[in-house]
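User: Could you take a close look at one part for me, the place where the two chains meet? I'd like one connected walk-through, with the cut-offs spelled out.

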There are 2 protein chains.
Amino acid sequence: MPSRDDNGGPSIRPVTALTDPPPVPIETRDAILDQYLVDETGRPGRRPRGIAAVTSTDDVVALVDWARRTRTPLIARGAGTSLEGHLLARGDELIVDLSAADAIVDISPDDFTATVQPGLTRTALNAAAAEYGLQFTVDPGADASLGGMAATNASGTTTVRYGGMRANVLALQAVFADGTAARLGRPVRKTSSGYDLKDLLIGSAGTLGIITELTVRLHPIPEWLRSLRISFPSVADAVAAAVEMLGLALPVSRLELVDAVSMAAINAFRDADYAEAPALFIDLEAASEPAAVADEREITRVCRAHDAIDIATARTHGERHTLWEDRHNLFFALKAASPGHRFMVTDTAVPFSRIADAVDAATRLGGQFGLAVSVAGHIGDGNVHSIVPYTDAQAEAAQQYSDQVVRHALAVGGTATGEHGIGLAKKRYLPEEHGPAVAIMAAIKRALDPDNLLNPGKIVDP
Amino acid sequence: MPSRDDNGGPSIRPVTALTDPPPVPIETRDAILDQYLVDETGRPGRRPRGIAAVTSTDDVVALVDWARRTRTPLIARGAGTSLEGHLLARGDELIVDLSAADAIVDISPDDFTATVQPGLTRTALNAAAAEYGLQFTVDPGADASLGGMAATNASGTTTVRYGGMRANVLALQAVFADGTAARLGRPVRKTSSGYDLKDLLIGSAGTLGIITELTVRLHPIPEWLRSLRISFPSVADAVAAAVEMLGLALPVSRLELVDAVSMAAINAFRDADYAEAPALFIDLEAASEPAAVADEREITRVCRAHDAIDIATARTHGERHTLWEDRHNLFFALKAASPGHRFMVTDTAVPFSRIADAVDAATRLGGQFGLAVSVAGHIGDGNVHSIVPYTDAQAEAAQQYSDQVVRHALAVGGTATGEHGIGLAKKRYLPEEHGPAVAIMAAIKRALDPDNLLNPGKIVDP
């Protein structure tokens, strides 16, 4: 769907230096390399030079030192769930596969922290943390690696309460282009010491350094949870109810909008008969049962005041699981509704007062481009996803649709990407979103990676 | 108290270019400049070259362009409440006084945001936000300017619930050393677009750019608040109760530890008879009265299980004000208890499991150096302040005390500064805390300020 220009650019052909063999074995069989030709969305890249599996910081230091000597560009990769082309080769980059660097170094329940290798996935961390009554709260949907989630500054359904990766990663270890392995940040709740390199690396998609260790916050699993699914006559009503809940400081930990098209797809997928109307999916957390009861009552009061059609409440673990399963399966339901299609997901975020606008625009533009768009958003963060099925014949329309959605968000003060990152696919919007700050980003890239070896061409050109 | 070496360094003597007059009037009378010779802690600097009052981004751009041509180093200054020497001249820097750049550009209650100039103080912003039922939650105690709070990455009593400046500043405008005025971040709840320059500038103390506008988050003022003051037999008991509350996810928005010495000073100051034992000061927020009642009951249960001596609960606004007045007046109470002394405040933060350790070490080291140390901490963040009165004869002992406290924190994985910043006073600890990352910080400083014009010598040398 993106034009070839996004992925092209000058080919980078390192000289193979037989006198300087790589420090770790490199997979070079075409049949293997061809598995890296496209990303999760079907966006095309080139065949990488090879795959180097690493399991330690020392491995990465040795590989970066070798890459610098041989001028071999590197793409760090975890679980491979990027949606924006972060992991696609443009020339003949070497993929640094960190998926086997997946150890839990330490869980410190008294500190509410865990220290992990970057290849560990979030569900693996959560399985281990649950033994202490703790959880890692960033939930982007996919079972991404923690290193990849940091590299893209991922967030997700619980961000309204717990923040995204920047709020939940306390410290990192990263290997820079000059071979320096440095620790960034400290494993404490707050620090004002020195420049915030930890947050600079988060979201930099492996273009400034390769993350080799993370210390993350863990949060207690709350004792009392309620989940609600509430239908409204219109998106505007649902959004108004959501904003009022936030204004009342109700302790919601998930606050998701699903539009009528999506609810129809869920009905078809599950053989259910939910109202085919815009709905909020809500989690509510409390530290006691009376608080849970009172907060649930307050949420239903707010929703009724905004003309709620239907309110379903889940109180037990089983009921909650069933309620959320629909939201989690939404993408599969939409895939089932449009067999044989590819899918694009937009990722804009806008100020709260423009959420209803953004959802309207997403729906209206879908009609304009003849696309069966559905909308689901992390509404508590102003993050609106359009899910767009398209055929090969519609690829250009889907691209134009995405472009219009982004331009709408930028025009109202929003961002091209709330949580997926810039990668290759959103690079074209960087100047419009950031203006003169793009030159400052480029200056930092040149200062930290003067040979442009780390994921070249992603986010910003030096 | 710090040795002269901290503030000295090479004198920077710009050539006065009569052919290139400054774009804004510059105050140069010695009687005025002498007011800038020491900071709030009495730490000495040099007489600055002059004071340039600015009120707009355009003023700052013009001044930075002039400074670059004339090689005049600049120190940006807001309310002047830095505790770590950020604002002291080392050579003959020009002070850029932003205190009159104090306009509220916009309050957008529907977006839960405000856009302000950097000289605006937090209490002025809160007065304006309160009209919409909203508040700016970062509370460092002093009535600091928003720009200064961003420059030092301030936080304070409410950080346990609302985070510090990085979590509450969504976007900045800053002027860089090349005269570029750039917008960093976007006024939305989350973004993964480009490098995180917004958070890089926050905490950089005017060494990378001068902040000229901020868009901050506002939070609803909660409907139901309870405050508690609870005494314990020991610091260890108080800390254990605090950590258990956090483990139960109780909705505390302030969680402060005050030691027995401090409580004795409060008794003397107020003619009160509180238990002279370690105490927690707690705020609890709820969205309904039943939730407030239930959460209060749960907090008192936890504290009793940790042998609480005395529990005082404040429910009305008046009762809450009285309860917190003691905590807010603590510094004045300690000043009254040690007339004629200067004061130093340490600012380490440590992992949760080391808080009791850190408080013990602070008290023990006080005895060792013959200093009447008291301890008060933002315990919900692991941030421990020792307040140290000292005479001229004790200046060296106070410095050695501070040094030992920092080294203890660093040895257990903590930070030299949780919220005050590095400035000049903590610069010596940067290598021990950050190791090879200091060279990366210096590379960024060189890339963004190649002539070392912006607050030279603070945080890191290029």
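Analyst: Here's a walk through the contact between the chains, ending on one serine.

Some housekeeping: this is a predicted model, where local features need pLDDT of at least 70 and side-chain atom pairs count only at pLDDT 80 or more, while totals for chains, interfaces and linings use all residues. Residues are numbered from 1 along each chain as its sequence is written, chains are lettered from A and ligands numbered from 1 in the order in which they are written, and side-chain values use heavy atoms, with hydrogens and water left out.

Now the contact itself (heavy atoms within 4.5 Å). Chain A puts in 80 residues and chain B 80 residues. Since 100% of chain A's interface residues are also interface residues in chain B, the copies meet through the same surface. Together the chains bury about 6300 Å², 61% of it on carbon and sulfur atoms; buried area is the accessible area (1.4 Å probe) that two parts lose on being put together, summed over both. On chain A's side, A:Arg186, A:Lys190 and A:Tyr195 supply 15% of the buried area, more than any other three residues.

A:Lys190 also turns up in a salt bridge with B:Glu419, at 2.7 Å from N to O (the rule: a side-chain nitrogen of Lys or Arg within 4 Å of a carboxyl oxygen of Asp or Glu). The count of salt bridges between the chains is 6. As for secondary structure (DSSP runs, helices being H or I of at least four residues and strands E of at least two, numbered from the N terminus), H17(A) gives the most to chain A's side of the contact, with 8 residues.

Finally, zoom in on A:Ser192, in the loop between S9 and H8 of chain A. A:Ser192 is buried, at 3% relative accessible area (buried means under 20%, exposed over 50%, partly exposed in between; 1.4 Å probe, protein chains only).
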